[in-house]
Amino acid sequence: MGLLERLRKEWFILGIVLVIAVARLEPGVGVKGGPLKPEITITYIAVSAIFFNSGLSLKTEELTSALMHVKLHLFVQIFTLVFFPTAIWVFLQLLSITPINEWLLKGLQTVGCMPPPVSSAVILTKAVGGNEAAAIFNSAFGSFLGIVITPLLLLLFLGSSSSVPFPSIFSQLFMTVVVPLIIGQIVRRYIKDWLERKKPPFGAISSCVLLMIIYTTFCDTFANPNIDLDKFSLIIIVFIIFSVQMSFMFLTFLFSTRNNSTFTAADTVAIIFCSTHKSLTLGIPMLKIVFAGYEHLSLISVPLLIYHPAQILLGSLLVPTIKSWMVSRQKALKLTRQPKAPVKV
């Protein structure tokens, strides 16, 4: 089964489980406990599994070389943590005069403040054949920057009187992102030959974990008895989210492929996904911490819950197109570097 077919199958399954999740929930019923036990499996195991998986699958020399690609890292982090939230803020000033639910609009601003994702950008970059090492580095590095920068951005754009426990967030992120990645790299050294011979389905494993994260997060949100979604506002927000993603992906593509750019085609793929994707697994806990006690926290969370699966769906649909562009770009570059045959007189 090809990558695109597998992703489509996963999204078909995701649609079914989300419908079941929303249909079966009763007001006030959360998602703690049960066979999945998301308070343990999602908070501690799911993200750790994704990065342990990445540590096993990534060649150590590729990750080491990615550390030195400073220009790429600066581009991704400045775009996602500076340009993205600022552009959304400007856009929302125009939308504030419309009848769209104000709390959903505030939720759009929180999306802009989120750090890069810890999984989806890596999975899609790998699917295309882009610079996976750079994607992993920016996911981890952006997550650490997000521990400090994201709460500050949320306080700047939306305000909150809650204190943010930076030490506890930092320690949890270190244990669920960095430690599993390092352990995966160590384990890889001992089973490298077996991994290269058997080629385990790392991408499918990560995708299954993502499905579980999204399922439990939707359950937790729609179980809130105070959530009151306006259909018109919700439809408009979905349209805006897809429009923002497409526009920003196009912008990053233009910036990273301009004539004076030093980025390779593989770098551009990593930039497109890492700069425009936002973290759900870090975002939801941060929102709950920064906006603890907010009556409309559930509505604020909705745009992020939509943005995360939408970015994977849109990314998976664009995989063949981006891959085709990257291959043609690499072939063209190879042809220009080949020495020309001498002309016979």
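Helices (H or I, at least four residues) and strands (E, at least two) were taken as DSSP runs and numbered from the N terminus. The model is a predicted one, in which local features need pLDDT of at least 70 and side-chain atom pairs count only at pLDDT 80 or more, whereas totals for chains, interfaces and linings use all residues. Residues are numbered from 1 along each chain as its sequence is written, and side-chain values rest on heavy atoms, with hydrogens and water left out.

On this basis the protein has 13 helices and zero strands, and its elements, read from the N terminus, run α-α-α-α-α-α-α-α-α-α-α-α-α. Of its 345 residues, 49% count as buried, where buried means under 20% relative accessible area, exposed over 50%, and partly exposed in between (1.4 Å probe, protein chains only).

In helix H7 (residues 132-157), Ile147 is buried with a relative accessible area of 2%, and the C-alpha atoms of Ile147 and Gly283, 136 residues apart along the chain, are separated by 9.9 Å.

The structure holds two cavities of 30 Å³ or more, a cavity being a set of points, on a 1 Å grid over the protein atoms alone, where a 1.4 Å probe fits but cannot get out, with lining residues having an atom within 4 Å of a point. Grid points are joined across faces, edges and corners, and a volume is the space filled by probe spheres set on the points. The second largest cavity has a volume of about 40 Å³ and is lined by Phe84, Ile88, Leu108, Val111, Ile241, Val244 and Tyr307. Two or more residues of this lining are given by each of H4, helix H5 (102-113) and helix H10 (231-256). The lining divides into seven nonpolar, no polar and no charged residues, with Ala, Val, Leu, Ile, Met, Phe, Trp, Tyr, Cys and Pro counted as nonpolar, Asp, Glu, Lys and Arg as charged, and the others, Gly among them, as polar.

Helix H4 (residues 70-95) also contains Val82, which is partly exposed with a relative accessible area of 48%. Together with Val70, Leu74 and Ile78, Val82 makes a nonpolar surface patch of about 360 Å². Patches are made of residues with over 30% relative accessible area and no salt bridge, like charges being joined within 9 Å and nonpolar side chains (Val, Leu, Ile, Met, Phe, Trp, Tyr) within 5 Å; a salt bridge is a side-chain nitrogen of Lys or Arg within 4 Å of a carboxyl oxygen of Asp or Glu. Accessible areas come from the Shrake-Rupley method with a 1.4 Å probe, and for residues only the protein chains shown count as cover.

Definitions and conventions:
On a 1 Å grid over the protein atoms alone, a cavity is a set of points where a 1.4 Å probe fits but cannot get out, and a pocket is an open set with protein on both sides within 12 Å along at least five of seven lines; lining residues have an atom within 4 Å of a point.
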